Amino acid sequence: MLGRGVKRKWSCLEELEAETLPAAAEKERNGEEGGGDDDGFLVGPSKSDMNHLQQRQLVLGLCMEKLQSYQAGMELSLRRSVLLINTLRQIQEDMQSEGAGTSETLLNHTDSCLLREDMQVTCPGCAEEDGDSLSPPLSPEFPSQEANSLPDQQKSLPAAAINTFSDAVSAMGYLSDLTLDDIFDDIDTSMYETSELPSAWSAGSLWPISVSLWTDEDVKMRPPSHPSAGTLQSCLMDLNELDHIMEILVKS
Amino acid sequence: MAGPGGDMQWCFSQVKGAIDDDVAEADIISTVEFNHTGELLATGDKGGRVVIFQQEIENKNLPQFRSEYNVYSTFQSHEPEFDYLKSLEIEEKINKIRWLPQKNAAQFLLSTNDKTIKLWKISERDKRPEGYNLKEEDGRYKDPNSITSLRVPVLIPMDLMVEASPRRVFANAHTYHINSISVNSDEETYLSADDLRINLWNLEITDRSFNIVDIKPANMEELTEVITAAEFHPHQCNTFVYSSSKGTIRLCDMRASALCDKQSKLFEEPEDPSNRSFFSEIISSISDVKFSHNGRYMMTRDYLSVKIWDLNMENRPVETYQVHEYLRSKLCSLYENDCIFDKFECCWNGNDSVVMTGSYNNFFRMFDRGQRRDVTLEASRENSKPMQVLKPRKVCAGGKRKKDEISVDSLDFNKKILHTAWHPQDNIIAVATTNNLYIFQDKVN
């Protein structure tokens with residue numbers, strides 16, 4: 001699953017899907033670059049083949065995909081999550097330094113760029129800024145098909161991505177346990193008598209925050225923005241209910 | 001050991017593990033460690049088992065001897081657990097094994113999974129008592145009325161039996177995943193490090209540990225850096241280092257304060273701006289840190305290189321070795337298939353003149369610091385005839401591929417050598433592929 005509205009072209013993954021060569025058949029190649037197999041062999045264009053924006057978009061898509069995928073029942077590696085989020089932040093900064101700060105401005109900027117007939121990826125406005133982070137203009141030989149699809153990506157990317165950044169950073173702020181959320185969504189809570197519990201379930205991701213942090217004794221340091229903290233505390237104290245819930249979770 | 005002018009010629013000695021290509025997940029080797037004399041070699045796997053090999057030396061008096069490592073003991077160190085509160089499995093995979101220096105007839109090692117460290121005692125039994133008064137040989141109790149005389153039981157020889165028993169269990173001290181353990185030179189304490197904290201333990205005490213490093217921010221959303229490895233100095237019992245996911249190493253002195261959050265030294269190399277990319281931070285993340293045996297240097301491993309640091313110089317490493325620079329242009333693909341997150345280890349040889357680390361395609365690399373030479377070797381079943389000399393391998397980064405070279409795109413990224421170990425005195429190395437352990441020996445040992 002990718003970030004919303006992010007289309008993938010020129011992606012390593014697409015080349016991967018297109019190739020169907022057997023993995024072990026040829027161990028040695030004849031010095032040809034590019035091409036590839038599934039199952040452990042490198043595929044896709046090298047860095048020089050992709051310009052900066054294309055690569056950024058690809059990395060953004062992959063980043064979101066990796067952050068959103070998880071193995072049920074297994075704890076996420078904190079190191080991996082931190083590295084992914086830092087990459088996401090870097091992309092965000094890169095995008096913000098390229099255009100203006102807000103998504104709306106970026107959107108307009110890109111629109112106006114793409115209206116130009118020469119189909120330059122970077123318009124003079126962008127080019128005036130720090131040159132390091134910008135990509136060189138597309139060469140004239142660039143096929144028109146690609147050029148047409150680029151605007152789609154460029155238009156949808158800033159708006160969707162900028163919004164999902166803040167979503168991702170806050171959601172992935174190591175406070176939400178995706179596995180638990182997923183399990184809780186399926187549970188029918190009508191069988192529990194206490195009035196307190198349903199509100200705890202509806203708080204959704206707040207439950208795992210308390211649960212995962214309790215060994216740290218960090219519960220009191222939670223951000224004050226979570227309104228049902230008090231309710232959760234009292235729920236946590238109800239150990240009988242907890243045992244009952246855990247029985248069901250373990251059996252499911 | 002080969003003299004400074006000698007060229008090391010590595011030969012195949014042994015390979016341990018299943019032959020078939022279908023790898024059982026539990027058999028994936030996750031750690032390799034020689035003990036302090038090199039007589040014992042321990043491996044841990046994803047299934048929570050520890051296998052110890054013992055060296056049996058033929059004709060040690062001859063200049064050229066062949067040593068063989070045979071299974072000495074196998075035991076289940078850790079079992080999978082279930083964290084009921086988080087509703088998550090705790091893997092039984094052994095992350096690290098560290099041997100304690102030997103003090104008596106028994107051997108001791110620490111093994112750890114993500115959450116729990118265990119101290120194991122491995123002892124030999126080669127005698128058994130015989131001649132009990134009240135019991136038959138098979139263990140049945142005798143009828144007391146039938147006993148007419150008393151005798152003293154005697155110890156008689158028996159087939160060697162190696163027993164492993166857990167002597168200490170150090171649990172419930174880590175919220176995050178343990179990545180390192182390190183025994184102190186004082187032989188009384190050890191440290192364990194997870195993503196955000198480092199704890200100091202006394203080997204005798206299991207219900208208490210001191211927290212000596214804590215980098216957890218008050219607001220977890222501000223977290224940008226984690227601890228990736230930690231180690232005690234080999235001689236100074238007050239000094240340890242820990243590395244981070246941002247490529248920094250901090251050296252701490254436990255005498256300075258109880259909580260070593262403020263480092264004594266910060267080792268960091270400024271980033272090369274020409275190499276900057278979206279993957280710069282990920283590839284700068286240090287996956288392993290090891291002090292040299294003499295305690296003057298430390299070595300770090302990041303994704304593409306091995307760096308040697310002088311403990312007296314913080315602003316840059318004294319030596320940098322490129323492990324597989326040809327991957328720099330492939331970082332996007334490696335990010336996609338997750339290989340960029342692989343954690344390679346590194347090790348020193350006995351006299352700190354050579355360092356070794358693993359790579360992909362079952363290649364491993366050695367860097368001779370004195371002679372400024374490096375070599376790429378391969379651990380494979382094809383090169384597994386007894387005492388077969390390993391041929392150096394070469395990767396063709398681009399352009400015309402020469403004969404015997406392998407091109408970057410043909411490398412198998414599923415075959416990675418993450419764990420390697422070097423005998424503390426001799427030129428014997430243990431190299432772990434996914435599920436096999438290769439032992440190589442220098443031809444002129």
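In this predicted model, B:N362 counts as buried, with a relative accessibility of 10%; the cut-off that matters here is under 20% relative accessible area. The residue sits in the loop that runs between β25 and β26 (363-368) of chain B. As a reminder, most residues other than glycine have a negative phi.

Although B:D352 is not a glycine, its phi is positive, at about 65°. This aspartate belongs to the loop between β24 (346-348) and β25 (354-358) of chain B. With a relative accessible area of 5%, B:D352 is buried.

B:T43 is placed in strand β3 (residues 40-45) of chain B, and its relative accessibility of 7% makes it count as buried. What does B:T43 touch, leaving aside residues up to four places away in sequence? Its partners are B:I29, B:T31, B:V32, B:R49, B:V50, B:V51, B:F53, B:I97 and B:L437.

Stepping back to the whole of chain B, its secondary structure comprises two helices and 32 strands. The radius of gyration of chain B is 24 Å, close to the 22 Å given by the globule rule for 445 residues, so the chain is as compact as a globular protein of that length. The C-alpha trace of chain B spans about 90 × 55 × 40 Å along its principal axes. Buried residues make up 53% of the 445 in chain B. Of the contacts in chain B between residues at least 6 apart in sequence, 54% join residues at least 24 apart. The chain exposes about 19800 Å², and carbon and sulfur atoms supply 48% of that area.

Chain A brings a helix pair into the picture. Helix α2 (residues 52-68) of chain A and helix α3 (residues 78-98) of chain A have axes that come within 10 Å and cross at roughly 145°. This crossing of α2(A) and α3(A) is left-handed. On the α2(A) side, the contact is made by A:H52, A:L53, A:R56, A:V59, A:L60, A:C63, A:M64, A:K66 and A:L67. From α3(A) come A:R80, A:S81, A:L84, A:I85, A:T87, A:L88, A:I91, A:D94, A:M95 and A:E98. Sorted by class, the contact of α2(A) with α3(A) includes 11 nonpolar, three polar and five charged residues.

Notes. Residues numbered from 1 in each chain as written. Chains lettered and ligands numbered in written order. Predicted model: local features only at pLDDT ≥ 70, side-chain atom pairs only at ≥ 80, totals over all residues. Heavy atoms only, no water. Axes fitted to C-alpha atoms, helices over the stretch in contact; angles between N-to-C directions. Helix = DSSP H or I, 4+ residues; strand = E, 2+ residues; numbered from the N terminus. Left-handed = near helix turned anticlockwise from the far one by under 90°. Contact = heavy atoms within 4.5 Å. Nonpolar A, V, L, I, M, F, W, Y, C, P; charged D, E, K, R; others polar. Rg over C-alpha atoms; globule rule 2.2 N^0.38 Å. Buried < 20%, exposed > 50% of the residue type's maximum accessible area, 1.4 Å probe, protein only. Areas by Shrake-Rupley, 256 points an atom, 1.4 Å probe, with all protein chains shown as cover.
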